[in-house]
Amino acid sequence: MAKRKKQRRPREKAPTVDYADPEGNVLTLRQGLSAGTIAKLGEPPAGAAASQEDAWHRRSEALFERLAVRWEIAGLPLEEQKMLLGRYRMADAETQRWVRQVIAEHLERHLPELAG
């Protein structure tokens with residue numbers, strides 16, 4: 001007898017929140033994360049050799065990667081995770097600072113267990 005594949009129910013999309021920068025670009029972030037993802041993001045860095053700055057950068061990128069759903073820049077929407085993360089990494093210092101500030105405010109409002 002052939003094994004039946006377990007059919008997955010389609011995942012419900014998490015609610016999102018839009019944040020616009022002064023130039024009108026819009027970053028869309030998930031309002032919530034799974035308990036497993038929250039636990040993973042709350043863990044300290046694995047390697048003792050990592051500097052505090054490395055750990056901070058890794059956490060910033062991990063938060064962006066898990067929260068960002070869409071980023072519309074100059075009318076061009078980005079929705080694929082690799083493209084979103086790549087664009088964040090390429091962004092100038094001011095844009096990265098804005099994104100980190102938005103994520104910090106978003107965490108305070110929607111995911112206080114990750115804030116701080």
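How many bridges join β3 to β4? Three bridges join β3 to β4, and these strands run antiparallel.

**Before you click**

This is a predicted model, where local features need pLDDT of at least 70 and side-chain atom pairs count only at pLDDT 80 or more, while totals for chains, interfaces and linings use all residues. Residues are numbered from 1 along each chain as its sequence is written, and side-chain values use heavy atoms, with hydrogens and water left out.

**Stop 1: the whole chain**

Show the cartoon. The protein has four helices and four strands. Along the sequence they follow the pattern β-β-α-α-β-β-α-α. Here helices (H or I, at least four residues) and strands (E, at least two) are DSSP runs, numbered from the N terminus. Of the 116 residues, 28% count as buried. Buried means under 20% relative accessible area, exposed means over 50%, and partly exposed is in between (1.4 Å probe, protein chains only).

**Stop 2: the sheet**

Select the four strands. They form an open sheet in the order β1-β2-β3-β4, with antiparallel pairing. Two strands pair if DSSP finds at least two bridges between them. The edge strands are β1 (16-20) and β4 (76-78), and each pairs on one side only. From one strand to the next, the twist averages 15 degrees. Strands of a sheet pair through backbone hydrogen bonds, either parallel or antiparallel.

Now go across the sheet:

- Start between β1 and β2 (residues 26-30): five bridges join this antiparallel pair. Select Asp18; its bridge partner in β2 is Thr28.
- Move on to β2 and β3, which pair in the antiparallel sense over four bridges. Thr28 stands opposite Arg70 in β3.
- Finish at β3 and β4, with their three bridges. Glu72 stands opposite Pro77 in β4.

Zoom in on the β3 and β4 hairpin. It has two residues between the strands, and Ala74 takes a positive phi near 50 degrees.

**Stop 3: an edge-strand residue**

Select Ala20, in strand β1. Is Ala20 buried or exposed? Ala20 has a relative accessible area of 57%, so it counts as exposed. Leaving aside neighbours within four places in sequence, Ala20 is in contact with Asn25, Val26 and Trp98. Contact means heavy atoms within 4.5 Å. Next, draw a distance from Ala20 to Trp71. They are 51 residues apart in sequence and 9.6 Å apart in space, C-alpha to C-alpha.

**Stop 4: helices against the sheet**

Axes are lines fitted to C-alpha atoms, for helices over the stretch in contact, and angles run from 0 to 180 degrees between N-to-C directions.

Stay in α4 and select Gln96. Gln96 has 16% relative accessibility, so it counts as buried. Not counting residues up to four places away in sequence, Gln96 touches Tyr88, Arg89 and Ala91.

**Stop 5: the core**

Which residues have the most contacts inside the largest nonpolar core? They are Leu27, Leu29, Phe64, Trp71, Val99, Ile103 and Leu114, in a core of 25 residues. The elements giving two or more residues to this core are β1, β2, α1 (35-42), α2, β3, α3 and α4. The largest share, five residues, comes from α4. A nonpolar core is a set of buried Ala, Val, Leu, Ile, Met, Phe, Trp, Tyr and Cys residues joined through side-chain atoms within 4.5 Å. In soluble globular proteins, nonpolar side chains tend to be buried together.

Select Leu29. Beyond its neighbours within four places in sequence, Leu29 has contacts that include Val17, Val69 and Ile103.

**Stop 6: the aromatic rings**

Rings of Phe, Tyr and Trp (its six-membered ring) pair if their centres lie within 6.5 Å; planes under 30 degrees apart count as stacked, over 60 as edge-to-face and the rest as tilted. By this rule the count comes to two aromatic pairs. One is Phe64 with Tyr88, stacked at 4.6 Å centre to centre, with 15 degrees between the planes. This pair links distant parts of the chain: Phe64 is in helix α2 (residues 52-67) and Tyr88 in helix α3 (residues 81-90), 24 residues apart. Phe64 is buried at 1% relative accessibility, and Tyr88 is buried at 4%.
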